[in-house]
Each structure stands twice: as C-alpha cells, then as structure tokens.
Amino acid sequence: VAVARALSHLRVARVYLWAGLVYLAIGGGLALLIRWQWAYPGKPVPLFGGLLFPYTQGAITPDSYQALFTMHGLVMIFFAVTPILIGALSHWLVPAMIGARGLAYPRAAWVGVVFLLAAQAVALASFFVELGTARSGWTLYPPLSTIAPGHGQTLVVAALGLASISTVIGAVNVLVTVIRRRAPGMTWGRLPLTVWGLFFTAVLNAAFTPVLIATALLLLSDRLLGTEVFLAGALAQRGGGDPFAFQHLFWIFGHPEVYILILPVWGVVSDFVAFFTRRAAFWYRGTVGSMLAVTLLAGLVYGHHIFTTGIAPMLGAVFETLTLAISIPSTILFGNWLMTLWQGRVRLTVPMLYVTGVLLVFAAGGLTGLYLGAVATDIVLHDTLFVVGHFHLTMAAATFLGIFAALHHWAPKLLGCRLGDRLGAWHAVLTLLGLFLVFGGLIVAGLQGQHRRLYDPFVASVEHLANRSANRHTSFSAFGLATVQLLFVLNLIHSLLTRRVAVENPWQVGTLEWKEPDLEQQVMRGPHEFLSGDDEKSAGKDYLDQGEACPQKSAPDAK
Amino acid sequence: MSEHGALLDALLVRAHWLIGGVLALAFLATLWLTLGRRLPRPRHPGRWGVLVMAAIVLFAVDATLAVGSRQALGVLARDVEADPTALRLEINARRWSWDVRYPGRDGRFATPADASPDDIVLTNELVVPAGAPVLLQIAAMDVVHAFNIPALRIQVEAIPGHLGHSWFRALAPGEHTLLCAQHCGPAHYRMRGLVRVLAPEEFAVWQAKQQRLAELAFDPDDADARWGWPWRAR
C-alpha cells in the first residue's frame with residue numbers, strides 16, 4: 001500500500017505543479033526586467049537592482065539583457081508552462097478521467113519528475129557560473145550559441161535536453177495509459193475533451209521532442225567536442241557544417257511546440273464550456289477532429305519561421321498554404337465553443353471566467369497569426385514585436401488563463417482544498433485586462449516597426465521605429481499584471497493554510513476524476529450529459545455521472 | 001517605399017480590415033454568449049449554418065492573404081538580372097556592422113583569389129539610385145544576421161556558409177534605416193546603417209566620385225578587403 005501511495009499519479013502531478021509554479025514566478029520576474037529596460041533603458045532597476053546586477057549599481061547591461069530574454073523564453077516554456085500544463089495535468093487527469101487505477105508506468109513517471117527537477121536545477125545553476133547564463137535567444141541559433149563563452153550556455157542546452165527527456169517519458173506514459181488503461185465502457189467517443197487535448201499533446205511530444213534532444217546533443221557536441229556540425233564561415237576551422245540545418249531542426253520541433261502547449265488548453269476549454277452551460281459539447285466529433293487536424297498539420301508548417309531566410313519560393317508557398325489551412329480547424333474548434341455556449345445559459349463561475357478569457361486571447365492570438373503565415377505580410381512583420389505579441393497571446397496568455405482555469409476547477413483534488421471564488425474572480429478579470437494591455441501593446445509596437453530583442457529600442461535612426469511613451473505604458477501594464485498575480489498567490493496560500501474543505505464534486509459534473517477510484521467502474525456515457533425538467537427533478541441533480549447507471553427515464557439527447 | 005513594398009502594404013491594409021473584422025465578430029460573439037445572458041437569443045439558432053459560415057469566412061480571409069501574397073512576391077520573383085540599369089551589391093554582415101561592396105567599373109567583385117582594383121566598399125552605408133533594381137547578394141561572416149530595411153520592406157537572413165539573394169527597387173529618393181533583424185550578440189541593437197536613395201543623376205555623380213577614391217585607395221596587399229564572392233544569379 002505504501003508503495004502504491006508513493007507512486008500515486010496525484011503525487012507526481014503535485015511535484016510537477018509546484019516545480020512549475022516556482023519557475024513561473026522566475027520567468028515572470030525575468031519578463032519584468034525586460035520591460036523595465038524598455039521603459040527606462042540603462043537606468044538602475046529599482047528595489048532588487050543592486051542585488052541582481054551588483055557591478056553596475058543595478059543597471060542592466062547589453063550583455064545581461066541578452067541573458068534576460070533568452071532565459072525568460074526558455075524558463076517559461078520548458079520549466080514553467082510545460083511542467084504545469086502537461087506534467088501536472090496529464091499525469092493526474094488522464095488516469096483519473098479515464099477511470100484507470102493509475103498511470104501505465106508509475107515508476108517511469110517518477111523518473112520523469114527526477115529529470116525535470118534536475119533540468120530545473122541545472123538551468124538555475126547556469127545563472128551563477130562565471131560569465132552567466134545562456135544569451136543566444138531561446139531559439140539557440142548557432143553559431144551564436146556555439147561561440148557563447150562560459151559554461152552557462154552549455155548548462156542551459158543540457159538542461160533543455162534533460163527537460164525534454166522528462167517530457168518524452170511523460171508523453172509515452174500518457175499515450176499508453178490512454179490507449180490501454182481506459183475503464184470498461186470508456187470508449188474513444190466518451191473521453192472527456194481534456195483527455196483528448198492531453199492525448200494529442202502527448203502524440204506531438206513523443207514525435208517531435210526527440211528532435212530537440214538530438215539537436216541539443218549536436219549543439220553540445222559543437223560546444224564541448226569541437227565538432228562543427230552547425231558552424232560555417234570564419235568560425236569554422238575544419239571545414240564546418242551548416243548553421244541553417246539547425247534552424248530546420250529547431251523549428252521542426254519548435255512549431256509543434258506551440259500546439260503542444262495550446263492543445264491541453266483547447267481540451268480544458270472544450271470541457272468547461274460544456275460544464276458551465278450545462279449542455280453537452282456541441283459537435284464532440286468536430287472538436288476532436290479539429291484537434292486531430294491541427295496535430296497532423298503541426299509538423300508541416302514550421303517553414304513559416306524561416307520565410308525570410310531565402311528558402312525557395314515554392315517552399316514558401318507550400319508552407320504558407322499549410323499554415324493558413326490551420327485556421328480552418330481552429331475556426332471549427334472556436335465555433336464549437338461558441339455553439340456550446342449558445343445552447344445554454346452560462347454559469348459565470350471562476351473557471352468559466354478564465355475560459356472566457358481564453359476565448360478572447362485565443363481569438364486575438366490566432367488571428368494575428370494569419371499575418372505571419374502569409375509570406376508577404378511576414379516580410380514586413382518578421383522579427384518585430386508583432387510576432388512577440390502574437391505568440392504571447394497564444395502561448396502565454398491562453399496557456400496562463402487555461403492553467404488558472406484548470407487549477408481553480410481541480411484544486412479540490414489537485415491541491416486538496418478549494419480556492420476562494422471572490423479572489424479568483426478578481427484575479428481572472430484583472431489578469432485578462434493586463435494580458436490584453438501588455439500583449440496588445442506588443443502588437444501595436446510591432447506594427448510601428450519596433451524590433452524584438454533590442455537592448456535599447458530607441459537608438460537614434462532615420463525612421464521612428466519605437467515609441468518611448470507607449471513602451472513605458474506597456475511596461476507599467478506589465479508591472480500591474482504581475483502585481484495582480486499576488487491575488488492568486490494570496491488565494492493559494494490562504495486556501496492551503498485554512499485547508500478550505502472542498503465539497504464533493506463542487507462543480508456538479510459527471511467526469512470520473514471527482515469520484516473515488518472504483519475498480520469495478522463501468523462507464524455508461526459521455527463526459528457532459530445533463531438533465532432538465534422532470535428528469536432533473538426526479539434525479540435531484542442536473543447532471544449524469546459518466547459511470548452512473550441509467551436513470552429510469554432515458555436521458556434526453558443533449559445535443 | 002519600394003516597388004514590392006507598396007504591394008505588401010496594400011495587402012497589409014486589406015489584412016487589417018479582414019482580420020480586424022473577424023476579430024471584432026469573435027469578440028462580440030464571445031462576450032454576448034457568455035456575459036449577455038439577458039439578451040434575447042434567436043429561437044432557432046441555425047448553429048450549423050453559423051459554423052459553416054464562419055469556416056467560409058476564414059477560408060476567404062486565407063485566400064485573400066494567399067493570393068495577395070503571391071502577387072506581391074511575384075515582383076520579387078521577377079528576373080531582373082538582365083536589366084541594364086540594375087545595380088549589383090554584395091553585403092557582408094558581421095558583428096556589428098554592414099560592409100557593402102559595389103563591383104566598380106569592371107563589373108567584377110574582388111574575391112580572395114582575384115583582386116578587382118576598383119570596388120567601392122562602404123561600411124554601414126548603402127547608397128542606391130531611385131527607380132533602378134538593386135540586386136543583393138548577402139553573406140555573413142560570423143553568426144546569423146538579417147539584412148533588414150524596414151522602410152523598403154526588405155528582409156533577408158544572412159547565414160554563414162550561405163549566400164542570400166534578393167532585390168528591391170526604391171521608388172523615391174530618401175533616407176532609411178538599415179538594421180540587423182536577427183539577434184547576434186550584445187551590440188545587436190546597434191548594428192545599424194544608413195540607406196540613402198538618391199535620384200539617378202545624383203547617384204551617378206556619387207558613384208563616379210567614389211570610384212576614383214576606391215581606385216586611389218586600392219591596396220593589393222590588403223587581403224581583408226577582398227571578402228567578395230563571385231556573383232551568383234539566383
């Protein structure tokens with residue numbers, strides 16, 4: 001029993017969750033330093049400046065600035081959002097929602113945890129070695145990443161490799177669990193859409209994250225063994241290889257990565273819009289099919305990241321067509337959410353508030369992507385803050401709001417206590433506002449021509465490419481957004497300290513994770529079936545449990 | 001502005017209207033369906049119809065972007081090698097400056113193997129005539145850079161080991177910023193140059209003067225000055 005308990009998938013999930021939350025705070029802190037620099041270039045950072053940059057009395061130098069934006073991206077993607085959204089949610093929710101006793105490989109799950117914690121520790125250590133951490137940008141393009149001095153860059157690339165191993169282990173575990181461990185009656189058509197989202201994410205992770213591991217190894221070999229796989233030009237001493245090959249390899253992984261991060265959110269949103277309108281999700285098959293279509297397209301569109309490298313015009317046209325094609329399944333997905341909402345009266349619970357936010361930021365993030373999917377408009381916007389604003393709306397804003405929705409919803413199980421609704425509601429509304437101000441500010445700055453990754457965007461030039469006061473406004477919005485996160489921290493701490501007891505099944509939904517695990521579990525129906533009228537009166541509740549025997553009168557077709 | 005840039009901008013404006021419109025609709029629909037609980041709803045929503053219409057609208061937006069993209073890029077795909085007024089330039093990007101080489105009277109670029117004594121070489125300055133096609137051959141010496149003149153809507157990555165090609169036709173005289181659009185190290189933000197588009201006759205005067213200066217300054221022993229590559233048509 002002790003072993004079973006120690007191996008419990010819920011514990012695995014909790015470690016991922018807390019490890020991710022800590023690094024979410026670190027990644028956010030790095031973002032604030034970038035924003036400070038854009039508001040007041042070269043001015044000492046208030047409060048912590050002297051501590052962080054002691055040799056310059058708190059001012060950020062061009063060199064440390066590179067480290068800030070490099071590590072902000074890497075920390076957020078690999079050490080914060082991935083552990084929370086994929087590590088925590090899939091390790092616990094997948095087995096719980098499909099009525100499995102646990103993960104297919106409980107011990108492997110702990111190996112995955114160890115790899116993630118090791119990766120996080122190595123990444124953190126990189127800040128403290130001589131010459132500091134990585135500074136090549138999160139995309140790690142060689143030769144810049146090859147010649148970056150010191151051990152920091154090496155440690156960070158190694159940390160990415162370790163984190164990726166953790167991800168692949170988790171992905172295989174999830175795939176096998178979903179395929180082999182579903183409770184009797186839990187057909188593919190009865191899986192909660194959250195499970196579908198996490199499943200497709202696992203498919204992409206199992207397929208594409210190994211590419212990153214291999215690429216990281218090649219880069220390490222260039223740095224440590226003096227091979228020249230990704231070197232050319234004056235730096236190649238022994239013939240060299242091809243830096244452009246790295247761009248292909250990186251984006252073969254890098255583009256699916258954005259779908260890896262958004263698919264779990266799509267799944268959660270698809271379930272929640274059904275839960276909180278008390279209606280079955282509109283066109284379940286269409287939603288699953290759209291997610292499948294995006295999963296299949298995910299690996300075929302990476303070329304839009306290298307439109308400006310002079311790839312053959314024919315290739316550009318093909319990647320452009322495939323990229324734009326993704327908007328069709330995305331539209332169907334989004335349309336299905338709206339149609340689900342249309343069917344019923346929305347209960348504006350805190351998770352539903354967050355989900356409304358996801359819909360808004362995802363609409364903005366998805367549609368701004370069209371500009372970058374077409375080669376012609378990409379030439380104008382490539383490498384400007386428009387790109388940064390676009391991918392933050394999807395990869396940051398949508399994932400954050402999705403994470404908060406999931407945490408608030410499943411806190412009774414995941415954390416063992418209920419989160420406060422009042423603080424939660426304020427946090428949801430103010431966070432959404434902040435996200436739009438900050439990332440909308442990036443979009444506008446990008447349209448004005450402000451480039452990304454500039455230590456001082458206001459260097460004198462013929463054109464007016466960056467607006468000082470607009471940057472300052474966006475920075476202060478970011479500081480506000482960060483401050484608002486204290487509401488969540490406060491809510492979390494307060495709930496944990498008071499052990500605010502959770503009611504059984506607080507949201508009154510039928511998915512299996514709310515029930516005590518039952519080995520005799522027989523699944524009878526889909527994830528969101530609701531009752532109304534006389535059925536509701538006779539049952540004394542308006543939902544049907546997925547494992548519950550049929551009520552006397554057959555449930556109305558909840559279409 | 002450049003010839004293809006005008007088309008890109010027109011497409012961008014079209015995209016703003018279309019995408020902005022769709023975004024506004026998505027926002028209104030989301031807010032109405034979640035918050036506007038007391039607003040009247042159509043009794044028979046015809047939900048499938050709405051869904052199909054949304055997909056059609058998105059397809060129309062995609063098609064507009066794709067067609068507009070082809071049109072604008074058609075200009076860049078045009079073969080201007082044979083144009084007698086074309087100006088050929090070689091760009092060498094290195095941390096943190098731009099070297100620009102003009103082939104000079106003999107029309108040849110100096111390469112490590114072959115000194116051409118009349119090449120004009122500028123640093124962080126690009127002088128081109130208005131109205132004539134300017135063909136670019138772009139290389140990087142150390143790390144990846146990106147040759148970007150935002151005002152002329154031209155952006156090409158400079159990758160060590162590769163030669164990038166592109167061309168543009170500036171429509172009117174003026175001064176623009178040349179900048180590096182790919183992170184290349186701490187001083188990336190300062191890797192900038194000045195683009196001067198001159199009226200053709202003004203350019204001819206400038207070029208003749210630079211030509212004389214370049215011939216005077218030619219040093220056969222300066223191997224560093226011969227970083228050019230043989231011209232490669234696309």
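1. Helices (H or I, at least four residues) and strands (E, at least two) are DSSP runs numbered from the N terminus.

2. A word on conventions: this is a predicted model, where local features need pLDDT of at least 70, side-chain atom pairs count only at pLDDT 80 or more, and totals for chains, interfaces and linings use all residues. Residues are numbered from 1 along each chain as its sequence is written, chains are lettered from A and ligands numbered from 1 in the order in which they are written, and side-chain values use heavy atoms, with hydrogens and water left out.

3. The length of α13(A) also checks out: its 24 residues should span 34 Å at 1.5 Å a residue, and the end C-alpha atoms are 34 Å apart, which agrees. The expected span is 1.5 Å times one less than the number of residues.

4. Now the interface. In chain A, 80 residues are in contact (heavy atoms within 4.5 Å) with 69 residues of chain B. Together the two chains bury about 6300 Å², 71% of it on carbon and sulfur atoms. Buried area is the accessible area (1.4 Å probe) that two parts lose on being put together, summed over both. On the chain A side, W342(A), Y371(A) and I379(A) lose the most area to chain B, together 11% of what that side buries.

5. The count of salt bridges between chain A and chain B is one, and the side chains of E320(A) and R70(B) meet in a salt bridge at 3.0 Å, N to O. The rule asks for a side-chain nitrogen of Lys or Arg within 4 Å of a carboxyl oxygen of Asp or Glu.

6. Two single residues are worth a look. S90(A) sits in helix α4 of chain A and, at 2% relative accessibility, counts as buried. Leaving out residues up to four places away in sequence, S90(A) touches L85(A), P95(A), V174(A) and L198(A).

7. E516(A), by contrast, counts as exposed at 56% relative accessibility. E516(A) lies in the loop between α17 (468-498) and β1 (529-530) of chain A. From E516(A) to D456(A) there are 60 residues in sequence and 56 Å in space, C-alpha to C-alpha.

Terms used: Buried means under 20% relative accessible area, exposed over 50%, partly exposed in between (1.4 Å probe, protein chains only).
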